[in-house]
Structure formats: C-alpha cells, structure tokens
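Biologist: I would like to learn how to read local features from a model. Can we go through some of them one at a time?

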Amino acid sequence: MIFCIAQGRMVLLHGFVKKTQKIPNEDLTLARSRMKEIEQ
C-alpha cells in the first residue's frame with residue numbers, strides 16, 4: 001500500500017500485492033498521479 005499525508009489526513013493512494021522487493025513502475029506512476037490530484 002502506498003499512502004501520503006494531505007491536509008492533515010492519511011490518504012491511501014494505491015493498494016497492491018507485492019511479489020518482489022521492487023515496486024513495479026506502473027504502481028508508482030499510478031500512485032504519483034493520484035497524489036498530484038489530491039494536492040490540487
């Protein structure tokens with residue numbers, strides 16, 4: 001799960017099942033785009 005703190009609240013950006021040590025780029029890209037939406 002990827003979280004961020006926005007306006008004093010904890011927001012879940014993306015939930016997924018990790019099968020390796022590395023987080024797939026697709027998941028990071030999706031979480032980053034959602035974080036930008038929240039910040040606006």
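This is a predicted model: local features need pLDDT of at least 70, side-chain atom pairs count only at pLDDT 80 or more; totals for chains, interfaces and linings use all residues.

Biologist: Which residues is H14 in contact with, leaving aside neighbours within four places in sequence?

Modeller: They are M1, I2, D27, L30, A31 and R34. With D27 there is also a polar contact, side chain to side chain, at 2.7 Å.

Biologist: What is the setting of D27, and which side chain of opposite charge is nearest to D27?

Modeller: D27 lies in helix α1. D27 is buried and has no salt bridge. A salt bridge needs the nitrogen and the carboxyl oxygen within 4 Å, and the nearest side chain of opposite charge, R34, is 8.2 Å away. Apart from residues up to four places away in sequence, D27 touches I2, H14 and F16.

Biologist: Which residue has a positive phi although it is not a glycine?

Modeller: That is Q7, with a phi of about 55°. Q7 sits in the loop between β1 and β2. Exposed means over 50% relative accessible area; Q7 is at 75% and therefore counts as exposed.

Biologist: Next, the surface. Which residues make the nonpolar patch?

Modeller: The patch is made by M1, F3, I5, M10 and L12, and its area is about 590 Å².

Biologist: Why does F3 count as partly exposed?

Modeller: Partly exposed covers values between the buried and exposed cut-offs, under 20% and over 50%. F3, found in strand β1, has 43% relative accessibility, so F3 counts as partly exposed.

Biologist: Where does M35 lie, and what does M35 touch beyond residues up to four places away in sequence?

Modeller: M35 lies in helix α1, which covers residues 25–39. Beyond those neighbours, M35 touches C4 and L13. M35 is partly exposed, because its relative accessible area is 30%.

Biologist: How many residues apart along the chain are M35 and N25, and what separates their C-alpha atoms?

Modeller: They are 10 residues apart along the chain, and the C-alpha atoms are separated by 15 Å.

How values were computed: Residues are numbered from 1 along each chain as its sequence is written. Side-chain values use heavy atoms; hydrogens and water are left out. Helices (H or I, at least four residues) and strands (E, at least two) are DSSP runs, numbered from the N terminus. Buried means under 20% relative accessible area, exposed over 50%, partly exposed in between (1.4 Å probe, protein chains only). Contact means heavy atoms within 4.5 Å. Patches are made of residues with over 30% relative accessible area and no salt bridge: like charges are joined within 9 Å, nonpolar side chains (Val, Leu, Ile, Met, Phe, Trp, Tyr) within 5 Å. Accessible areas come from the Shrake-Rupley method with a 1.4 Å probe; for residues, only the protein chains shown count as cover. A polar contact is a pair of N or O atoms within 3.5 Å; within protein, one must be able to donate a hydrogen and the other to accept it, and residues adjacent in sequence count only if both atoms are side-chain atoms. Lys and Arg count as positive and Asp and Glu as negative; His and the chain ends are not counted.
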